[in-house]
Amino acid sequence: MTEFLLRHFVKNADRTEDTGVRTAYGELAGMVGIFLNLLLFLAKLLIGILSGAVSVMADAFNNLSDAASSIISFVGARMADKPADEEHPFGHGRIEYIAAFIVAFLVLQVGFMLLKSSFQKLLHPEELSISAASFLVLLISVLAKLWLSVFNRKLGMRIQSKIMLATAADARSDVFATSATILSLLVFALTGTNIDGLIGLCVSVLVLKAGIDIAKDTLEPIIGERMDPVLSDRIARFVRSYPGVLGVHDLIIHNYGPSHYIASIHVELDSSMSLDEAHLLLDRIEVEAKRKLDLLLVTHTDPIDMQNTETLALRKLVAEAVEKEGGKAVSCHDVRLIKGSHGTNAVFDLVVPWNYSEEKIHTLIEGIKAQVKGHDKRIRCIITVEHGYGA
């Protein structure tokens, strides 16, 4: 069904990096959610009125609130696709995160309401009774919500949409809640034991956890999370692919929405290259990054003296010392040979993981210095420690 809907309602559905395609995904998810939730609302409302089942009517209005979540998803996708303007030069992509956070709030609200009603049922158990028609509607509701959750999750994973994943979690929480009601009714019908309140408490905890997880996942990109290793590797490989580029480091990516990125990167070039040549190369990289990756890229030049054999030997020596002492978790860059009146200085930056303690960093630095000294006693290491921005 998911593929059928994509084929008929999303043009070029495979081009998920395209902003227009992402918007079409969001609009499709929103419209399907609105339609399905309104259909469930009307069906449950009708059965509730005819049977007089208050619980079914209450569940009907819960579906009406779920339709509101789908409307938020639809509107959020539309607003996030608005082009950049004078007041928002980096676009409106972060609106999607705000919309997802609103959905997270709605999920938390459902969880708290379920927690409250479950406590009341534990303290004051109610007689359970339901008609065959009402039971059938609840069962259909579970199946419909389960499909809606899977549908939104599939679409959300394809385009890395926080709001679709949030809507999927919202639908999944409804599956838990309604399934708990069905289970309570079956247990009561078979054994006469009322576990409605106890099951409700368990489900409310799951729903609250889902809401907290959605809020956490939504807020992280706004606060500033670690870079996506797949995206950072893609950008690094793209820049390194240009003839004349000797290496890259210090890649920083700023997220302005799931498909809106700005990045800066240091590019190592041969110092014999003229300033005009370096500018033309980096300018070309920036222009083609926008065209091929839809990325606003800012580059910085790090010159490397490729003609000086002493410098090249030092770069190799430092790299080997860093790898021996720190392994794959540690790296170095900007290795420079500076000669002074008191000897030769090896000046470079050392990138260490965030979880390294001061003591571990000190031990690492002393080990690297000893490795370099062991090869050439004249060299003194001057090391600047920094943390990486990626994974």
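These questions and answers walk through parts of a predicted model.

Residues are numbered from 1 along each chain as its sequence is written, and side-chain values use heavy atoms, with hydrogens and water left out. Because the model is predicted, local features need pLDDT of at least 70 and side-chain atom pairs count only at pLDDT 80 or more, while totals for chains, interfaces and linings use all residues.

Colleague: In what order do the strands S4, S5 and S6 form their open sheet?

Modeller: Strands (E, at least two residues) and helices (H or I, at least four) are DSSP runs, numbered from the N terminus. Two strands pair if DSSP finds at least two bridges between them. The pairing in this open sheet is mixed, and the order is S4-S5-S6.

Colleague: Which are the edge strands of that sheet?

Modeller: Strand S4 (residues 331-340) runs antiparallel to S5, joined by eight bridges. S5 and S6 pair in the parallel sense over nine bridges. An edge strand here pairs on one side only, and the edge strands are S4 and S6.

Colleague: How many of the ten residues of S5 are buried?

Modeller: Buried means under 20% relative accessible area, exposed over 50%, and partly exposed in between (1.4 Å probe, protein chains only). S5 is largely enclosed by the rest of the structure, because its buried residues number nine of the ten.

Colleague: How far apart are the end C-alpha atoms of helix H11?

Modeller: H11 has 18 residues (358-375). The expected span is 1.5 Å times one less than the number of residues. That gives 26 Å, which agrees with the distance between the end C-alpha atoms, 26 Å.

Colleague: Within what arc do the buried residues of H11 fall?

Modeller: The buried residues of H11 are Ile361, Leu364, Ile365, Gly367, Ile368, Gln371 and Val372. They line one face of the helix, because seen down the axis they share one arc. The arc is that of the directions from the helix axis to the C-beta atoms. Its limit is 160 degrees.

Colleague: What do the buried residues of H11 pack against?

Modeller: Glu358, Glu359, Thr363 and Gly374 are exposed, on the other side of H11. Contact means heavy atoms within 4.5 Å. The buried residues pack against helix H10 (309-326), strand S5 (343-352) and strand S6 (379-387).

Colleague: Which residues is isoleucine 383 in contact with, leaving aside its neighbours within four places in sequence?

Modeller: Isoleucine 383 sits in strand S6. Its relative accessible area is 17%, so it is buried. Its contacts beyond those neighbours are Phe348, Leu350, Ile365, Ile368 and Lys369.

Colleague: Is asparagine 255 buried or exposed?

Modeller: Asparagine 255 lies in strand S1 (residues 245-255). Its relative accessibility is 15%, so asparagine 255 counts as buried.

Colleague: Which residue's backbone nitrogen does the side chain of asparagine 255 reach?

Modeller: Asparagine 255 has a bridge partner in S2, tyrosine 261. Leaving aside neighbours within four places in sequence, its contacts include Arg94, Tyr97 and His260. At 2.6 Å, its side chain reaches the backbone nitrogen of glycine 257.

Notes:
Polar contact = N/O pair within 3.5 Å; in protein donor to acceptor, adjacent residues only side chain to side chain.
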